[in-house]
Amino acid sequence: MTIQQGVGGAPPPSTVAAAATAAPAVRTRTEERASSSNRLLSRILYIGVLVLATLIFVFPFLWLVSASLKTRADVFSNEFIILPLQFHNYSDVLAIAPMARWFVNSALVGVLAAVTVTISSAIVAFGFAYFRFPFRNVLFGLVLASMMLPGAVLMIPNFLIWNALGQVNSPLFTPLWAGNLFASAFYVFLLRQFFLGLPRELFEAARVDGASYPRMFWSVAVPLTRAALIVVFIFELKASWTDLVKPLIFMRDITLYTLPLGLKSLVDRFNPTTGGEGEFQLVMAASVIVTLPMILVFFLGQRYFLEGIATTGSKG
Amino acid sequence: MATTGATAAPKRRWRVSEQTRWGYIFLLPWIIGFVVFTAGPMLASFYLSFTKYNVIRAPQFIGLRNYELMLDDRRIPLSLLNTAFYALLHVPGVIIFSLLLAMLLLRVGRSSGAFRTAFYLPNVTPAVAVGTLFLLLLAGNGLINQVLGVFGIDGPNWLTDPTWVKPGIVLMSWWTLGATVVIYFAALRNVPVELYEAAQIDGANAWAQFKSITLPYISGAIFFTVIVNTIASLQIFAEVYTMFFGGKSGAGQEAALFYTIYLFQKAFADLDFGYASAMGWLLFVIILVITLIQVRLSNRFVFYAGDSR
């Protein structure tokens with residue numbers, strides 16, 4: 001913009017006035033011209049570094065795909081692409097392992113976990129945000145405190161509970177999602193922030209119109225926080241899809257595995273460094289099958305992923 | 001709430017109780033969940049830590065025996081030191097690299113969106129797949145050593161050499177720092193631009209601006225990510241379990257034995273639930289102490305915009 005001003009014949013009156021009152025303004029203009037070419041240079045440098053970083057984050061995915069298309073002998077080779085591409089690795093791994101079944105299991109558990117946690121956490125969050133009752137702050141303090149509880153500590157008692165209820169290895173996958181019926185501290189915290197942001201008059205108006213509290217929650221509060229609810233849904237879907245620990249503890253039958261646990265069983269069977277049978281190219285093909293669905297979900301809902309992460313961090 | 005005149009008191013009390021009733025109805029799912037899946041289990045595992053319990057036979061009270069056994073178990077200090085080593089490299093690395101990337105993103109304007117997406121991709125990848133992928137990348141003649149070779153560095157054997165197993169795991173863990181970048185980027189965007197302009201007029205250089213404007217403004221986000229990443233790093237499990245455990249032989253297993261992995265083995269391989277519960281409580285206390293120290297320190301360093309301090 002400085003250049004445009006410099007080229008014009010007579011400077012606009014305001015510039016003259018500014019120059020008259022503040023002498024250094026003239027010097028600044030030449031300085032700025034130099035710094036604008038500096039700025040371009042540093043911008044190129046920044047973008048260069050970012051492209052390099054992008055390579056570090058993205059290239060391993062491409063490497064994974066390329067390894068999944070190599071032969072058994074070549075899978076650890078350092079050539080990026082080795083022809084002919086071995087597409088049959090995919091049909092081979094589908095033939096030796098019930099991957100389609102694992103996929104259905106993962107999808108079922110993921111959707112159940114996400115739906116239940118979204119609804120239950122929204123109800124509880126609204127309870128904290130809207131109502132005034134004794135011990136509210138104490139209870140919310142407990143919510144915050146339980147967010148800090150290490151999952152590793154709860155792992156054993158949770159196993160014992162589901163074991164006592166006879167749900168270990170249940171074909172309904174109860175231990176993998178039913179806990180979500182009871183809300184999750186982190187999502188309660190997140191959604192409460194959003195409910196608090198809604199103007200209270202909206203609810204008072206609904207009350208005047210004779211809406212009950214549950215109705216007010218369902219037809220006033222929920223539609224207005226749709227975006228936040230999608231964030232919760234997508235986060236939990238991802239958490240469930242990527243989780244190894246719960247399936248590892250609770251599921252025993254190979255037909256009841258989820259994709260991560262199934263992939264782990266393939267690693268154990270084929271990983272040559274821990275005494276497996278080799279055939280690591282099949283493990284690579286399975287990894288692609290496990291990874292790809294969530295990457296697709298991410299691209300469809302990336303706005304929600306990135307905004308969700310950003311708000312949690314800045315509100316934390 | 002308490003500003004009731006004597007005449008209005010009965011009516012108001014009735015309204016308060018309706019609010020209370022409905023408030024607790026809405027809270028019910030969480031209250032049940034807290035009792036059944038959090039508080040109950042904590043108490044249960046506290047009791048179990050004083051017992052011998054293998055699920056099949058009823059727990060048998062043995063007092064402090066499990067804790068005594070832990071003092072003699074060399075795998076306890078081994079796994080604790082392994083975990084500490086990992087956490088001490090993982091957390092600072094994540095914070096520093098994420099901050100650098102977020103600051104770069106802030107300077108490239110509109111194209112930052114595409115970069116953010118790329119950085120976040122590893123975060124939506126299942127941990128098992130990350131572990132599997134790094135079995136390939138960290139192999140003796142794998143991609144990482146190949147890249148090191150370009151710089152004339154003869155890369156170590158990341159998967160079998162006990163000295164290099166943990167550094168390899170740390171490298172892998174840095175690959176998933178995208179979420180922290182996104183948090184920092186959001187925080188950096190909230191820093192008022194006028195402050196930098198004023199600082200430039202005062203002749204403050206880039207480092208001075210970073211130290212006295214950027215850092216204070218995003219100290220809240222840094223505090224949050226330090227705590228969250230520390231707690232998570234003390235419980236690292238899935239990637240490492242995928243890479244080094246569960247198979248037939250055990251290359252690198254001593255070096256990769258993290259605390260949560262040992263806890264898992266004690267419970268689900270040895271069926272020693274009493275001992276594993278005691279280990280869980282030790283981890284809980286360690287995490288609690290570290291978090292409290294961090295909160296205490298943050299009171300000194302975290303700056304809240306709009307705070308009158």
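Start at Leu224(A), which sits in helix H11 of chain A, the stretch covering residues 213-224. Helices here are DSSP runs of H or I with at least four residues, strands are E runs of at least two, and both are numbered from the N terminus. Is Leu224(A) buried, exposed or partly exposed? It counts as partly exposed, because it has 15 C-beta neighbours inside 10 Å. The scale goes like this: 20 or more other C-beta atoms within 10 Å of a residue's own makes it buried, 12 or fewer makes it exposed, and anything in between is partly exposed, with C-beta atoms placed from the backbone. From C-alpha to C-alpha, Leu224(A) is 15 Å from Ala205(A), and the two are 19 residues apart in sequence.

A word on what you're looking at: this is a predicted model, where local features need pLDDT of at least 70 and side-chain atom pairs count only at pLDDT 80 or more, while totals for chains, interfaces and linings use all residues. Residues are numbered from 1 along each chain as its sequence is written, and chains are lettered from A and ligands numbered from 1 in the order in which they are written.

Chain A also has helix H12, residues 226-242. Its 17 residues reach 24 Å from first C-alpha to last, close to the 24 Å expected at 1.5 Å a residue (that is, 1.5 Å times one less than the number of residues). H12(A) is mostly covered, with 13 of its 17 residues buried.

Now hop over to chain B, which has 13 helices and two strands. In the loop between helix H4 (112-120) and helix H5 (127-137) you'll find Pro122(B). Pro122(B) is buried because 23 other C-beta atoms lie within 10 Å. Beyond its neighbours within four places in sequence, Pro122(B) is in contact with Val130(B), Trp175(B), Thr176(B) and Gly178(B), and also with Phe57(A) from the other chain. Contact means that two C-beta atoms, placed from the backbone, lie within 7 Å.

That brings us to where the chains meet: 81 residues from chain B and 79 residues from chain A take part. On chain B's side, helix H1 (residues 9-48) gives the most, with 17 residues.

Finally, step back to chain B as a whole. Its domain assignment (automatic or from a database) gives domain 1 (9-48) and domain 2 (69-301). Their centres, taken over C-alpha atoms, are 36 Å apart. The C-alpha atoms of chain B fill a box of roughly 80 × 70 × 30 Å along the principal axes, and buried residues make up 38% of its 309 residues.
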